[in-house]
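My plan was to start with the whole and end with one residue.

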Amino acid sequence: MHVYIYDDYLNKSKYHKAINRLEIRLTDLGLNGKIIRLEGIKNIKGAIQHEIRLGAKTIVAVGNNQTVNKIIGAIIDTDLYGDFQKNTLLGIIPVGDDNSIAASFG
């Protein structure tokens, strides 16, 4: 199962078209999964722990460097860090500015 974590800045109207294209492309490729939007979540760590316990195989950060930083920080702080290392992948879909982490991966 894939879990897509959208950063809260993606709710701005200038990103709606990019997000719509992204979701259509993911559906076309058969990469459907659960979408978590960070604007309504106070406890990112708890949400990620819950998804790993439910069997998430891939966690995808949709956003920029700050999004990746939030997610990696939450993963490292979890009690399930060992399970994450063995069973779960982290992906990045860069949207917007300040994406040097994604650029460094090519």
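How many of the 106 residues of the chain count as buried, in percent? I looked it up and got 40%. I note that this is a predicted model.

**Fold.** I went through the secondary structure next. I found five helices and four strands in the chain. Read from the N terminus, the order of elements is β-α-β-α-β-α-α-β-α. The radius of gyration came out at 13 Å, close to the 13 Å that the globule rule gives for 106 residues, so I put the chain down as being as compact as a globular protein of that length. I also took the span of the C-alpha trace along its principal axes, about 35 × 30 × 30 Å.

**Contacts.** I then checked contacts between residues at least 6 apart in sequence. Of these, 79% join residues at least 24 apart.

**Surface and charge.** I counted 13 positive and 11 negative charges. Their mean positions lie 3 Å apart.

**One residue.** I located Glu-51 in helix 2, which covers residues 44-53. Is Glu-51 buried or exposed? Its relative accessibility is 3%. The cut-off for buried is under 20%, so Glu-51 counts as buried. I then listed what Glu-51 touches, leaving out residues up to four places away in sequence. The list reads Met-1, Val-3, Lys-34, Ile-36 and Ala-56.

Definitions and conventions: Residues numbered from 1 in each chain as written. Predicted model: local features only at pLDDT ≥ 70, side-chain atom pairs only at ≥ 80, totals over all residues. Heavy atoms only, no water. Helix = DSSP H or I, 4+ residues; strand = E, 2+ residues; numbered from the N terminus. Rg over C-alpha atoms; globule rule 2.2 N^0.38 Å. Buried < 20%, exposed > 50% of the residue type's maximum accessible area, 1.4 Å probe, protein only. Contact = heavy atoms within 4.5 Å. Lys, Arg positive; Asp, Glu negative; His and termini not counted. Charge placed at Lys NZ, Arg CZ, Asp CG, Glu CD.
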